[in-house]
Amino acid sequence: MRGISVGILSETKVPVGVQVRPEARTPVAVSSKTGGSRYQTDEFEVSVVMPCLNEAESIGECVDKAWAAIRKAGVTGEVVVSDNGSTDGSPEIAAKHGARVVFQSLKGYGHAYMKGFEEARGRFILMADSDNTYDFNDLERFIVPLREGADLVMGNRFSGRILPGAMTWSHRYIGNPILSGLLNLFFHTGIGDAHCGMRAFRRSACSRMQLQTGGMEFASEMVINASKAELKISEVPITYYPRTGESKLESLRDGWRHLRFMLMYSPTHLFVWPGAALMALGVLAMAILALGPIHVGDVTMGFHWMFPCSVVTIAGFQVISLGLVARFYSLTSHIDQHRDRLISWFTEHFRMESGLLLGSAMFGLGTITGLLLLVLWLLGQFDSSASVRLSVVALTLSVIGIQTIFSSFLLSMMAIKRRGWVG
Ligand SMILES: Nc1nc2c(ncn2[C@@H]2O[C@H](COP(=O)(O)OP(=O)(O)O)[C@@H](O)[C@H]2O)c(=O)[nH]1
Ligand SMILES: [Mg+2]
């Protein structure tokens with residue numbers, strides 16, 4: 001049934017918390033900073049939300065199909081189309097076919113969806129592209145798991161079908177597997193098709209996903225945040241059809257945006273593990289070389305090799321320190337409230353004074369050793385190769401000591417906000 005008024009809404013730059021439409025049944029608007037809905041009560045069972053950017057060739061058909069699916073499923077519903085810059089008359093076509101068109105002033109796929117979710121009034125939201133790639137008849141398959149308690153239902157094109165011409169070879173065998181693989185490696189979501197554009201979720205779960213990104217990386221953010229918020233996620237196999245009209249996705253730009261988002265949402269993977277690997281490599285190689293030259297075939301590796309090892313060790317330590325600061329930052333600034341084992345251990349055991357003591361001990365040991373070597377040199381008893389080896393170790397220790405002292409201060413400053421006072 002099409003029980004609601006149809007038409008294009010003007011751009012809604014109303015302050016949050018203000019009722020936007022005059023309809024008697026419109027519930028009171030509430031805050032919706034994170035992609036959550038502005039409506040408190042469920043007006044319909046399902047809101048079908050579509051983002052649209054210049055899809056004049058397909059939008060009308062998609063809206064018709066969405067309405068047909070709502071009727072077929074026998075549920076109450078609405079079709080919301082979110083536009084933020086079409087120049088081909090798509091919004092007018094969508095409205096003519098019975099969609100409620102909402103406008104977003106900010107550009108991008110993510111922003112369009114956030115506006116659509118904000119304006120949705122269904123108990124469940126089904127989201128899908130407006131390019132004929134998804135079959136709205138699948139609506140019921142998405143609603144059933146939601147009715148049974150799932151919070152988010154993801155379509156899975158790989159366990160369903162991908163029709164010839166629907167997905168490019170590079171997306172199917174390179175882009176999607178790499179990005180989905182990294183997503184699951186970093187965030188353990190277990191989702192088979194993390195970039196599928198057809199999904200449904202419980203509207204009340206929307207604000208728990210804390211959605212913020214404006215571009216195509218929104219698709220990753222939703223899956224990652226839903227998983228971090230421990231929402232109940234299920235998957236349904238679906239069919240993916242060839243697109244009508246031109247794709248708005250730019251593979252390299254958007255692939256990078258997904259990757260960048262995943263890295264920034266996981267400081268542990270971005271900083272801590274690579275830093276730890278660098279440092280372990282540097283320390284190990286330096287320890288071996290400190291004992292004397294090593295021979296690899298005809299090549300002899302003397303103390304000169306300790307310089308790059310020292311650089312690698314210091315770089316590794318700096319990256320780890322930055323990683324801990326980044327992790328703390330995401331905790332205190334509420335970017336990521338999830339606590340993995342590393343951060344739990346660290347927040348429990350880290351004390352600024354311990355960091356200062358450890359840093360001072362390393363700095364002191366390194367500096368005293370350096371001074372002793374200086375005295376030996378002044379006395380003319382400087383054995384070049386053994387002393388240089390020792391001085392590289394001493395310098396490395398001093399630099400790491402200084403870094404430890406100041407990183408401890410910085411981490412404690414960040415903890416002030418979290419715990420009320422330094423740790
Ligand atoms: N409103 C709006 N919709 C967008 C934007 N970018 C993409 N879309 C829509 O989002 C859906 C997905 O984009 P599409 O080009 O199909 O990307 P693909 O499915 O990854 O190839 C389509 O319905 C587009 O019309 C945007 O910046 N604003
Ligand atoms: Mg598409």
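1. Start with G245, which counts as partly exposed because it has 17 C-beta neighbours inside 10 Å. (For that label, C-beta atoms are placed from the backbone; 20 or more others within 10 Å make a residue buried, 12 or fewer exposed, and in between is partly exposed.) You'll find G245 in the loop between β8 (233-240) and α7. Leaving out residues up to four places away in sequence, G245 touches E55, E57, S58 and D131; a contact is a pair of C-beta atoms, placed from the backbone, within 7 Å. The C-alpha atoms of G245 and N54 are separated by 8.7 Å, although the two are 191 residues apart along the chain.

2. A word on what you're looking at. This is a predicted model, where local features need pLDDT of at least 70 and side-chain atom pairs count only at pLDDT 80 or more, while totals for chains, interfaces and linings use all residues. Residues are numbered from 1 along each chain as its sequence is written, with chains lettered from A and ligands numbered from 1 in the order in which they are written.

3. On confidence: the protein's mean pLDDT is 88, and 90% of its residues reach 70 or more (pLDDT is the predictor's confidence in each residue, from 0 to 100). Residues 1-32 have pLDDT below 50, and this stretch has 46 contacts in the model beyond near neighbours in sequence.

4. Now ligand 1. It has 18 residues around it, of which P51, L53, A112, D129 and K248 come nearest; near means a C-beta atom, placed from the backbone, within 6 Å. Two or more residues each come from β2 (44-52), β3 (77-83) and α3 (109-119). (Helices are DSSP runs of H or I, at least four residues, and strands runs of E, at least two, numbered from the N terminus.) By class, the shell has six nonpolar, six polar and six charged residues. Here Ala, Val, Leu, Ile, Met, Phe, Trp, Tyr, Cys and Pro count as nonpolar, Asp, Glu, Lys and Arg as charged, and the others, Gly among them, as polar.

5. Helices α5 (residues 169-187) and α7 (residues 251-264) have axes that come within 10 Å and cross at roughly 10°, so they are roughly parallel. (Axes are lines fitted to C-alpha atoms, for helices over the stretch in contact, with angles from 0 to 180 degrees between N-to-C directions; under 35 is roughly parallel, over 145 roughly antiparallel, 65 to 115 roughly perpendicular, the rest oblique.) Their contact residues divide into six nonpolar, six polar and no charged.

How values were computed:
Two residues are in contact if their C-beta atoms, placed from the backbone, lie within 7 Å.
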